[in-house]
Amino acid sequence: MIALSLALVADIVDGELAGTTADTAPVVDGPVVIDGREAAPGSLFAAFVGERVDGHDHVHQAAAAGAVAVLGSRPTELPTVVVPDVRAALQRLASYVVSRVREEGDLTVVALTGSQGKTSTKDLLAAVLGRSAATVATRGSFNNELGMPLTALRVEPSTRFLVLEMGARGIGHIAELTGLVRPDVSVVLNVGQAHLGEFGSRDAIAQAKGELVEALTEAGTAVLNAGDERVSAMASRTVGRVVSFGDVPAADVRVKGLTLDRLGRPSFRLVRGEEQAEVSLRLVGAHQALNAAAAAAVALACGVPLAEVATALSEVETLSQWRMELRELDGGVIVLNDSYNANPDSVRAALDALAAIGADADVRRTIAVLGEMKELGETHDEEHRGVGAYAAGLGVDHVVVVGEAARGIHEGAGGASHLLPDNAAAIAWLAEHVREGDAVLLKASRGARLDEVAATLQ
């Protein structure tokens, strides 16, 4: 974070100093953290009171790691800014820091959302922009009303790009986030079925996602998926410039000539007008080509040349943890760990990737280990059966369904499916059946914790 006197922090958030005075208040010039173990010299520790843990009880831990001050709801052993609402104070502080860096530097704020692909696209974009200038981006999927300000508070005077992933669980959530930090570039990837149970319909999801482009000024740019009709319709909801991406002829930044290698990694031509450049991704899945096109459209809008964009995209080797992680084990087994989260669209994309890998002559069998997709509301059972039928239609050799909540997948997949009660049973089944030449996909919503199964397998 930029260096700020704790007295100024108190003024910004309308808090009261405790344990120090304005004249003796320390300077905060380290990261702002909510976990004392992550503190560093100069840190500000934000102490939250949760259902089970009170951050104020762990101030000593933050102090030992170098924290010099606390933002909390009561005085502590360190100099403290006392406020009635720590989260609201943290948001106000983030808004101030970004505004100040904007005024004093050359900061461009990019915000992106979508039903799936947010984190992968954010990772790709951060890699592309980071190759040309100092870039701060959301870590993992920390994209809510707490994660977004913590990301924004990481900007320094030298930061050129701030890339913010924004999630929504209801109408008004994204508007709240953009009210804190206004984007210069807004990216909407797609409108799918993630959180359908909370929103009720895809139209409601589109209404919420579109709040991101409504936040733009006339100087801003909306980057929209030309192949998603609900997203492309958002062009009417912004006063900014519109740039589209996709694999359809109407896209301004277009994917052409897509092919997959033996491990399902896409190569394609990235086309903008008369310009084109070859991209060979090291990531798995045809869907990553559209994510790359979205990242490219943003980078081009930010002034990065197409050739540099293509080179940077081709150099990205990893994404955030448990997202299409590909490993070829010593025993000749291919593991595709996509266990961080799941919805019907992302599961189908992962199954497509597994099928592409399975087309290689050296792959003996394909095995999909699938768990529950949460937050689907009344469509829960229907969508699970649909995913099972899709896996069977692709010819997946074994569909291993983990947990009674995912029974619909088992019912949809039919004879090639095995319904197991829990992760322990899945681990035992894999230990008994997986052999050299098999390709194994693991995919479910985060609550299913299939990463535990992946870790044992690997």
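Where in the chain is the place of Gly192? Hold that thought for a moment, everyone, and I'll come back to it.

First, a word on what we're looking at. This is a predicted model, where local features need pLDDT of at least 70 and side-chain atom pairs count only at pLDDT 80 or more, while totals for chains, interfaces and linings use all residues. Residues are numbered from 1 along each chain as its sequence is written, and side-chain values use heavy atoms, with hydrogens and water left out.

Now to Gly192, which has its place in the loop between β11 (185-188) and α7 (196-199). Helices here are DSSP runs of H or I with at least four residues, strands are E runs of at least two, and both are numbered from the N terminus. Gly192 counts as buried, at 0% relative accessibility. For the cut-offs, buried means under 20% relative accessible area, exposed means over 50%, and partly exposed is in between, with a 1.4 Å probe and protein chains only. Gly192 and Gln116 are 76 residues apart in sequence, yet their C-alpha atoms are 7.2 Å apart in space. Not counting residues up to four places away in sequence, Gly192 touches Ser115, Gln116, Arg202, Ile205 and Asp345. A contact is heavy atoms within 4.5 Å.

Let's zoom out to the whole chain. The protein has 17 helices and 22 strands. Its C-alpha atoms fill a box of roughly 75 × 55 × 40 Å along the principal axes. For 458 residues, a compact globule would have a radius of gyration near 23 Å, and the protein agrees, with 23 Å. That radius is taken over C-alpha atoms, and the globule rule is 2.2 Å times the number of residues to the power 0.38. Of the 458 residues, 55% are buried. Among contacts with a separation of 6 or more, 63% are between residues 24 or more positions apart.

How is the protein divided into domains? There is domain 1 (4-84), domain 2 (105-315) and domain 3 (325-456), with bounds from an automatic or database domain assignment. The C-alpha centres of domain 1 and domain 2 lie 34 Å apart.

On to the packing. The largest nonpolar core has 58 residues, and those with the most contacts inside it are Met1, Leu71, Leu93, Val97 and Leu162. Helix α3 (residues 86-104) gives the most to this core, with eight residues. Domain 1 and domain 2 both give residues to the core, so it lies between them. By nonpolar core I mean a set of buried Ala, Val, Leu, Ile, Met, Phe, Trp, Tyr and Cys residues joined through side-chain atoms within 4.5 Å. Leaving aside neighbours within four places in sequence, Val97 is in contact with Met1, Ile2, Leu4, Ala152, Leu153 and Val155. A second, separate core has 43 residues, including Leu112, Val163, Leu300 and Ala310.

Helix α1 (residues 6-13) is mostly covered, with six of its eight residues buried. Ser5 caps the N-terminal end of α1, with a side-chain oxygen 3.1 Å from the backbone nitrogen of Ala7. Just after α1, Asp14 takes a positive phi of about 60 degrees.

Thr80, in strand β7 (residues 80-82), is buried at 0% relative accessible area. Its side chain makes a polar contact with the side chain of Thr76 at 2.7 Å. A polar contact is a pair of N or O atoms within 3.5 Å; within protein, one must be able to donate a hydrogen and the other to accept it, and residues adjacent in sequence count only if both atoms are side-chain atoms.

Last, two loops. Most residues other than glycine have a negative phi. Glu375, between β19 (365-370) and α14 (380-394), has a positive phi near 65 degrees and is partly exposed at 31%. Arg449, between β22 (438-443) and α17 (451-457), has a positive phi near 55 degrees and is partly exposed at 36%.

Thanks, everyone!
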